[in-house]
Amino acid sequence: VYTLNPGPHTQPDYEMVIETSPAITLNSPVGRLNYKMRSFVPTEMVRTKLPDGWERNTIRFSNYLWPHKDAATLTDDFSGVNKHGLPLLARPVAPGPAALRIYSRSRKGFITEVPRLVEYDRQPFPKGRRLPGFEIYMWGNPCFDHAEADWPHLLDMYEAAGITACVLGHLGGGDPMVTPRKHWRWSTGHRDGYRQLRRFVSYATSRGFRLSANIHWPIDQRDWLKDHPEDGAVHAGSAGKKHKTRVPMVLLLDRQHGVYAHWRERLTECLRDVPLDEVCWDWETSPFLGSYDDRTLASFRRYAKLSKDTKLGEEIIKESDTLRKKWIAFRCEQVVQVAATMREIIKEASPDTVSSFYSGYPHYSRDKYTTDWEALAKVVDVALAGYHALWNGNARILAEIMGAEGKPSLPGLDIYARSHRAEMLGVKLAQALTEGGRGAMIFASGCSNMNLTALASVASVTRFLPELEPFLLSLDRRDRLVE
């Protein structure tokens with residue numbers, strides 16, 4: 001349910017009201033760590049029995065509901081409203097019609113929304129199955145999106161759908177935010193974020209799920225730069241100013257420099273703090289972001305075999321076709337070297353932990369995201385990629401690149417926007433498998449379409465995985481028979 005305020009005025013005592021029919025009950029969302037909208041979290045849910053047998057659940061929050069400045073221009077994708085979504089879990093408790101009446105109110109009920117009736121059809125849920133060697137990731141933060149009381153029911157649904165792994169938040173960012181451990185950055189906006197993370201990891205592991213975490217910016221070294229501001233990166237459009245949180249990759253790769261030792265120590269401690277099955281570098285960054293600092297430009301000069309008197313800088317590189325191509329190749333090589341170094345650190349700290357890499361697909365990732373998959377395939381264990389490639393063969397290209405190294409790839413299944421239909425998720429999974437993917441990753445980023453319908457659609461495919469194994473391993477699609 002979205003807590004969006006499209007009006008111009010703040011709602012000081014906003015309440016969400018959800019009335020449930022006698023056939024279902026609503027789990028309380030209290031205890032959920034709303035990591036995307038930190039000052040607005042559910043703090044209380046009051047249950048009241050109604051004369052018609054329904055139950056009223058009144059949810060109160062920790063702060064005012066502020067106006068949403070872009071509410072009038074939101075598109076169907078609702079990219080700006082996902083952070084206002086409150087995921088809720090309703091459970092069947094008796095036979096009969098399952099329905100909800102949903103509305104909101106504020107100013108002590110003086111402003112009350114017209115209730116919306118939501119009716120549900122009871123449908124049999126396919127029995128999804130898992131297949132060793134094929135992974136299906138839930139890419140999101142289930143431990144923070146839901147209160148702890150929801151976890152058993154949530155993982156019951158994931159297991160029934162055949163999902164094998166949960167992808168958590170960002171690992172090893174800069175300074176501690178509100179977590180008690182120095183080297184973890186979990187954007188929960190709550191002092192219990194780290195402890196709740198540990199509890200979820202322990203519980204999900206006991207249920208047989210794999211756990212993965214992202215490294216979004218290895219170059220985020222905020223705490224190092226506090227004492228060494230001269231080591232900051234010089235990004236595009238910065239007019240030569242040093243970045244306060246990011247270092248150039250050339251320093252991450254210099255084993256004689258303090259940045260390398262600092263990064264290595266932090267990543268190692270992260271892996272010792274929380275046992276993870278996988279660490280994924282999530283990288284979608286233009287090669288022209290930089291850095292354009294003196295060390296990086298000197299390294300580029302050597303890489304491109306340029307004379308000492310060749311002038312270099314952001315605009316000079318961008319305006320020269322020759323220098324642009326060499327710069328892209330140079331930056332891609334840096335990313336490969338950082339990925340290889342990261343894997344080395346991970347394996348030394350936790351030998352059984354997989355090192356994976358996420359970016360775009362090969363047909364555009366090199367120039368757009370500084371990602372050379374042919375080179376990366378040699379230094380990472382698993383490739384993950386997403387966005388708009390299942391239907392044009394690009395996922396198959398990535399599968400072939402990784403397959404040549406005897407390694408798997410997992411295409412992304414989009415369901416992060418309201419325009420992505422829940423009942424089509426299984427179709428996308430089937431396509432991912434027939435494109436050579438050894439599973440898939442589900443982009444479930446706080447959108448209401450990631451619901452039980454979507455999970456049932458996934459289960460309708462995973463239920464056949466064991467029988468499909470010979471085909472999926474050989475992947476003889478017999479495309480030659482199609483004229």
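Let's begin at Glu278, which is buried with a relative accessible area of 0%; buried means under 20% relative accessible area, exposed over 50% and partly exposed in between, using a 1.4 Å probe and protein chains only. Its side chain meets that of Arg210 in a salt bridge, at 3.2 Å from N to O. Here a salt bridge is a side-chain nitrogen of Lys or Arg within 4 Å of a carboxyl oxygen of Asp or Glu. Arg210 is buried too, with a relative accessible area of 18%. The pair links distant parts of the chain, with Glu278 in strand 12 (residues 278–282) and Arg210 in strand 11 (residues 210–215), 68 residues apart. Helices (H or I, at least four residues) and strands (E, at least two) are DSSP runs, numbered from the N terminus.

Before going on, a word on the model. It is a predicted one, in which local features need pLDDT of at least 70 and side-chain atom pairs count only at pLDDT 80 or more, while totals for chains, interfaces and linings use all residues. Residues are numbered from 1 along each chain as its sequence is written, and side-chain values use heavy atoms, leaving out hydrogens and water.

**Salt bridges**

The count by the rule above comes to 25 salt bridges.

| Pair | Closest N to O |
|---|---|
| Arg264 and Glu344 | 3.6 Å |
| Lys378 and Glu405 | 3.0 Å |

Arg264 and Glu344 also link distant parts of the chain: Arg264 belongs to helix 6 (residues 258–273) and Glu344 to helix 9 (residues 321–349), 80 residues apart. Arg264 counts as buried at 19% relative accessibility, whereas Glu344 is partly exposed at 28%.

Lys378 sits in the loop between helix 11 and strand 14 (382–385), and Glu405 in the loop between helix 12 (394–403) and strand 15, so this pair ties together parts that are 27 residues apart in sequence. Lys378 is exposed, with a relative accessible area of 56%, and Glu405 is partly exposed, at 32%. Elsewhere, Glu15, Glu44, Arg60 and Arg105 are linked in a network of salt bridges.

Strand 16 (residues 439–443) is largely enclosed by the rest of the structure, because 5 of its 5 residues are buried. In a regular strand the side chains alternate between the two faces of the sheet. From strand 16, Gly439, Met441 and Phe443 point one way and Ala440 and Ile442 the other, all of them buried.

Two strands pair if DSSP finds at least two bridges between them. Strand 9 (residues 135–139) pairs with strand 16 in the parallel sense over 5 bridges, with Glu135 having Gly439 as its bridge partner. Strand 15 (residues 409–414) also runs parallel to strand 16, joined to it by 3 bridges, and Asp414 stands opposite Phe443.

Strand 15, helix 13 (residues 425–434) and strand 16 make a right-handed β-α-β unit. Right-handed means that, with the strands pointing away from the viewer, the path from the first strand over the helix to the second runs clockwise.

**Confidence**

The chain has a mean pLDDT of 86, and 87% of its residues reach 70 or more; pLDDT is the predictor's confidence in each residue, from 0 to 100. Among the elements of the chain, helix 11 (residues 373–376) has the highest mean pLDDT (98) and helix 1 (residues 142–145) the lowest (70). Over residues 75–81 the pLDDT is below 50, and this stretch has 11 contacts in the model beyond near neighbours in sequence, a contact meaning heavy atoms within 4.5 Å. Residues 173–189 also stay under 50, and for them the model has 59 contacts beyond four places in sequence.
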